[in-house]
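Subject: Structure handover

Hello,

Here is the structure I promised you. Please open it next to this email and follow along.

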Amino acid sequence: MNQVIELSKKDRAHYEAFHNEAVSPDLHQSWEWGTFQQKVPGRGPVWRFAALDTEDKWVSTVQVIKYALPFGLCWLSVVRGPLYQEDLALEDLHAAIQSL
């Protein structure tokens, strides 16, 4: 892995294309699901990240949703993620997650 980047609205089309071509695409990692979650009281913000290889090609994406808890606490959820391409080695995926 070369780097992990935070995605913005300008990356939506690329994120959706990657999502649709992933090994196991899931509704809970779709851009639309994150947008919906931001509208639910007590949820959000939503962050999306992409892991890039040394040629700046996306090899993994993840959507992280913040859930509010009482007393100002929260927890972060990565339901059914991250998404990855078939040729991604498990060691590379682990290294990308550790870099977050």
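In which strand is the place of Val-46? Val-46 sits in strand S2. Helices (H or I, at least four residues) and strands (E, at least two) are DSSP runs, numbered from the N terminus.

Before you go on, note how the model was handled. This is a predicted model: local features need pLDDT of at least 70, side-chain atom pairs count only at pLDDT 80 or more, and totals for chains, interfaces and linings use all residues. Residues are numbered from 1 along each chain as its sequence is written, and side-chain values use heavy atoms, with hydrogens and water left out.

**Val-46**

Val-46 counts as buried because its relative accessibility is 9%. Buried means under 20% relative accessible area, exposed means over 50%, and partly exposed is in between (1.4 Å probe, protein chains only). Val-46 touches Gly-34, Gln-38, Gln-63, Val-64 and Ile-65, leaving aside residues up to four places away in sequence. Contact here means heavy atoms within 4.5 Å. Take Val-64: it is 18 residues from Val-46 along the chain, yet their C-alpha atoms are separated by 5.7 Å.

**The strands**

Strand S1 (residues 3-6) pairs with S2 in the antiparallel sense, over four bridges. Two strands pair if DSSP finds at least two bridges between them. In this pairing, Ile-5 stands opposite Ala-50 in S2. S2 also pairs with S3, again antiparallel, over eight bridges. There, Ala-51 stands opposite Ser-60 in S3. S2 and S3 form a hairpin with five residues between them. Asp-56, in the turn, has a positive phi of about 60 degrees.

**Helix H1**

Which residues of helix H1 (residues 12-21) are buried? They are Tyr-15, Phe-18 and His-19. Seen down the axis of H1, these buried residues fall within an arc of 105 degrees, so they line one face of the helix. The arc is that of the directions from the helix axis to the C-beta atoms. An α-helix has 3.6 residues a turn, so residues three or four places apart point the same way. On the other side of H1, Ala-13, Asn-20 and Glu-21 are exposed. The buried residues of H1 pack against helix H2 (31-39), S2, S3 and S5.

Most residues other than glycine have a negative phi, and most peptide bonds are trans. Here are some exceptions.

- A cis peptide bond joins Gly-44 and Pro-45, with omega about 5 degrees. Pro-45 lies in strand S2 (residues 43-52).
- The bond from Gly-81 to Pro-82 is cis too, with omega near 0 degrees. Pro-82 lies in the loop between strand S4 (74-77) and strand S5 (83-84).
- Arg-80 is not a glycine, but its phi is positive, about 55 degrees. Arg-80 lies in the loop between S4 and S5, and counts as exposed at 59% relative accessibility.
- Phe-71 is not a glycine either, and its phi is positive, about 65 degrees. Phe-71 lies in the loop between strand S3 (58-68) and S4.

**A surface patch**

Phe-71 counts as exposed because its relative accessibility is 82%. Leu-73 is in the loop between S3 and S4, and is exposed at 52%. With Leu-69 and Trp-75, they make a nonpolar surface patch of about 490 Å². Like charges are joined within 9 Å, nonpolar side chains (Val, Leu, Ile, Met, Phe, Trp, Tyr) within 5 Å. Accessible areas come from the Shrake-Rupley method with a 1.4 Å probe; for residues, only the protein chains shown count as cover.

Best wishes

Definitions and conventions
Patch = residues over 30% accessible without salt bridge, like charges linked within 9 Å, V, L, I, M, F, W, Y side chains within 5 Å. Salt bridge = Lys/Arg side-chain N within 4 Å of Asp/Glu carboxyl O.
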